[in-house]
Amino acid sequence: MPDKQEFARLGNVNFAVSDGISGFTNDTGYDYAIHELATGKPILQSMGESLSQVTIDIRLRNFLGHDVPGTIEALDNLRVSGEAQKLVFASGIYQGQYAITDITSKIVRTHRNGVVTEADLSISLLENADRKARTKKKTEKRPANEPPKRTLTAEN
């Protein structure tokens with residue numbers, strides 16, 4: 001059997017092209033605060049980029065060689081861990097750290113002994129932008145018992 005061509009990888013879970021990827025969406029945006037005014041139109045204030053949201057739709061079929069219960073379990077273990085995982089496309093493009101927020105699964109068919117043989121999954125991911133907050137405010141480091149080293153001037 002030929003090697004599976006990888007489509008993407010989330011943590012230690014690989015998605016091959018033949019693994020039934022049926023949809024991929026990526027939602028990005030920019031956040032704004034709206035400040036209402038007593039008269040006139042409100043003012044829009046730029047707040048920065050919003051977190052990216054990715055949805056991957058997968059159709060798992062046992063007759064196509066997919067490990068349906070194993071894939072469902074691996075993805076659910078990632079979700080339960082709550083840890084962000086690296087999302088990398090096969091082209092080598094690193095998307096960033098993403099955490100699984102939701103898994104919607106539809107069991108299409110089971111074997112007579114109860115083993116899932118066909119399932120449709122929709123995996124929702126949310127970007128984990130682990131950035132350190134930066135402040136432009138200059139702070140003064142001194143022991144609490146020392147007076148401040150700043151001087152205040154009176155304005156006339």
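Which residue forms a salt bridge with Arg61? Select Arg61 and Glu118: the two form a salt bridge, and their closest N and O atoms are 3.6 Å apart. A salt bridge here is a side-chain nitrogen of Lys or Arg within 4 Å of a carboxyl oxygen of Asp or Glu.

Before going on, some notes on the model. This is a predicted model, in which local features need pLDDT of at least 70 and side-chain atom pairs count only at pLDDT 80 or more, while totals for chains, interfaces and linings use all residues. Residues are numbered from 1 along each chain as its sequence is written, and side-chain values use heavy atoms, with hydrogens and water left out.

**Stop 1: Arg61 and Glu118**

Arg61 is in strand β6 and Glu118 in strand β9, so the pair links distant parts of the chain, 57 residues apart. Helices (H or I, at least four residues) and strands (E, at least two) are DSSP runs, numbered from the N terminus. Arg61 counts as buried at 11% relative accessibility, and Glu118 counts as buried at 10%. The cut-offs are under 20% relative accessible area for buried, over 50% for exposed, and in between for partly exposed (1.4 Å probe, protein chains only).

**Stop 2: Arg109**

Arg109 is partly exposed, because its relative accessible area is 47%.

**Stop 3**

Move along strand β9, which covers residues 116-127, to Asp120. Is Asp120 buried or exposed? Asp120 has a relative accessible area of 19% and is therefore buried.

Now show the side chain of Arg59. Arg59 and Asp120 meet in a salt bridge of 3.8 Å, N to O. Arg59 lies in strand β6 (residues 53-61) and Asp120 in strand β9, so this pair ties together parts that are 61 residues apart in sequence. Arg59 counts as partly exposed, at 43% relative accessibility.

Arg61 comes back into view here. The side chains of Asp120 and Arg61 are joined by a polar contact of 3.0 Å. A polar contact is a pair of N or O atoms within 3.5 Å; within protein, one must be able to donate a hydrogen and the other to accept it, and residues adjacent in sequence count only if both atoms are side-chain atoms.

To see what else surrounds Asp120, select its contacts (heavy atoms within 4.5 Å). With neighbours within four places in sequence set aside, Asp120 is in contact with Ile58, Arg59, Arg61, Thr104, Ser105, Lys106 and Val108.

Show the charged residues of these stops together. Arg59, Arg61, Arg109, Glu118 and Asp120 are linked in a network of salt bridges. The structure holds 5 salt bridges.

**Stop 4: the aromatic pairs**

Next, show the aromatic side chains. The structure holds 2 aromatic pairs. The rings of Phe24 and Phe89 have centres 5.2 Å apart and planes at 70°, so this pair is edge-to-face. Rings of Phe, Tyr and Trp (its six-membered ring) pair if their centres lie within 6.5 Å; planes under 30 degrees apart count as stacked, over 60 as edge-to-face and the rest as tilted.

Phe24 is in strand β3 (residues 21-27) and Phe89 in strand β7 (residues 85-89), so the pair links distant parts of the chain, 65 residues apart. Phe24 counts as partly exposed at 30% relative accessibility, whereas Phe89 counts as buried at 16%.

Tyr30 and Tyr32 form a tilted aromatic pair, 5.4 Å centre to centre with 50° between the planes. Tyr30 is partly exposed, with a relative accessible area of 44%, and Tyr32 counts as partly exposed at 48%.

**Stop 5: the nonpolar patch**

Tyr30, Tyr32, Ile34 and Leu44 make a nonpolar surface patch of about 460 Å². Patches are made of residues with over 30% relative accessible area and no salt bridge: like charges are joined within 9 Å, nonpolar side chains (Val, Leu, Ile, Met, Phe, Trp, Tyr) within 5 Å. Accessible areas come from the Shrake-Rupley method with a 1.4 Å probe; for residues, only the protein chains shown count as cover.

Strand β4 (residues 30-35) gives the largest share of the patch, 3 residues. Leu44 is found in strand β5 (residues 43-49) and counts as exposed, at 56% relative accessibility.

**Stop 6: Gly48**

Finish at Gly48, which lies in strand β5. Gly48 counts as buried, at 15% relative accessibility. Gly48 and Tyr30 are 18 residues apart in sequence and 5.7 Å apart in space, C-alpha to C-alpha. Which residues is Gly48 in contact with, leaving aside its neighbours within four places in sequence? Tyr30 and Asp31 are in contact with Gly48.
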